[in-house]
Amino acid sequence: MAKEYGVTVNRIRKEATKVRKAMNGNVTLEAIVAYIKQTGHGIVYFNIPWGDEELRRYDLVDTAKTKKGFVYHQIAQIVFIDDTLPHTDKIRVLLHELGHIVLGHIDEGVFALKDHGIQELEAHTFARMMLDGGHMTTDNHWFAITAMICVVMLAGLKLSIVKGGATNG
Ligand SMILES: [Zn+2]
């Protein structure tokens with residue numbers, strides 16, 4: 001388990017490095033949109049007439065009410081994003097959604113709205129790494145993921161001690 005989470009962080013860093021390289025280090029809104037399109041996803045801005053029409057078309061009006069952005073994979077592959085967000089938030093939210101895509105959180109053909117803790121943390125970590133160039137230091141979520149690794153490692157250690165004890169006993 002401990003190893004698994006260590007691998008996870010390395011995998012996120014590897015993906016972030018790869019995507020940053022493809023953008024020549026310029027993580028702009030335009031570059032992110034272009035990269036998302038390269039992954040085969042359309043981009044739809046909602047809270048504007050055209051985007052809201054798309055929400056209705058895919059029956060996502062209620063979904064969009066509680067989200068700044070999300071990935072839709074069913075009839076089409078689309079990253080939806082709230083058009084009313086400030087520019088910097090658009091960058092952050094789109095990087096997060098791109099994180100879900102490149103980290104393989106979305107199953108093909110499945111309507112995937114990922115709200116699961118570890119995948120959220122992974123997508124968040126990806127977005128932070130994209131913005132920080134892989135140098136994550138004082139971010140709270142970075143501490144959260146580090147803490148999680150420690151907890152898992154300790155749990156693994158405890159388990160192996162118990163197992164060892166049982167074997168010896
Ligand atoms: Zn997410």
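I counted seven helices and three strands in the protein, taking helices (H or I, at least four residues) and strands (E, at least two) as DSSP runs numbered from the N terminus. From the N terminus the order of elements reads α-α-β-α-α-β-β-α-α-α. The model is predicted, so I note that local features need pLDDT of at least 70, that side-chain atom pairs count only at pLDDT 80 or more, and that totals for chains, interfaces and linings use all residues. Residue numbers start from 1 along each chain as its sequence is written.

Next I looked at the sheet. It is open, has three strands in the order β1-β3-β2, and its pairing is mixed; two strands pair if DSSP finds at least two bridges between them. β1 (42-46) and β2 (69-73) are the edge strands with a single partner strand each, so one side of each has no neighbour in the sheet. The twist from one strand to the next averages 25°. I found β2 and β3 (residues 77-82) running antiparallel, joined by five bridges. Valine 71 has valine 79 of β3 as its bridge partner.

Then I checked burial. A residue is buried if 20 or more other C-beta atoms, placed from the backbone, lie within 10 Å of its own, exposed if 12 or fewer, and partly exposed in between. By this count 25% of the 169 residues are buried. In helix α3 (residues 49-57) zero of the nine residues are buried, so this helix lies largely in the open. Aspartate 59, which follows α3, has a positive phi near 60°.

Which residues have the most contacts inside the largest nonpolar core? I listed Phe80, Leu94, Leu95, Leu98, Phe126 and Met130, in a core of 28 residues. Such a core is a set of buried Ala, Val, Leu, Ile, Met, Phe, Trp, Tyr and Cys residues joined through C-beta atoms within 7 Å. α5 gives the most to this core, with seven residues. Leaving aside neighbours within four places in sequence, leucine 94 is in contact (C-beta atoms, placed from the backbone, within 7 Å) with Ile32, Ile36, Gly69, Val79 and Ile81.

Last, I took the pair α2 and α5. Their axes (lines fitted to C-alpha atoms over the stretch in contact, with angles from 0 to 180 degrees between N-to-C directions) are 10 Å apart at an angle of about 25°. The two helices α2 and α5 are therefore roughly parallel, a label for angles under 35 degrees. Leu29, Ile32, Tyr35 and Ile36 of α2 make the contact with His87, Lys90, Ile91, Leu94, Leu95 and Leu98 of α5.

Notes: Two residues are in contact if their C-beta atoms, placed from the backbone, lie within 7 Å. Angles under 35 degrees count as roughly parallel, over 145 as roughly antiparallel, 65 to 115 as roughly perpendicular and the rest as oblique.
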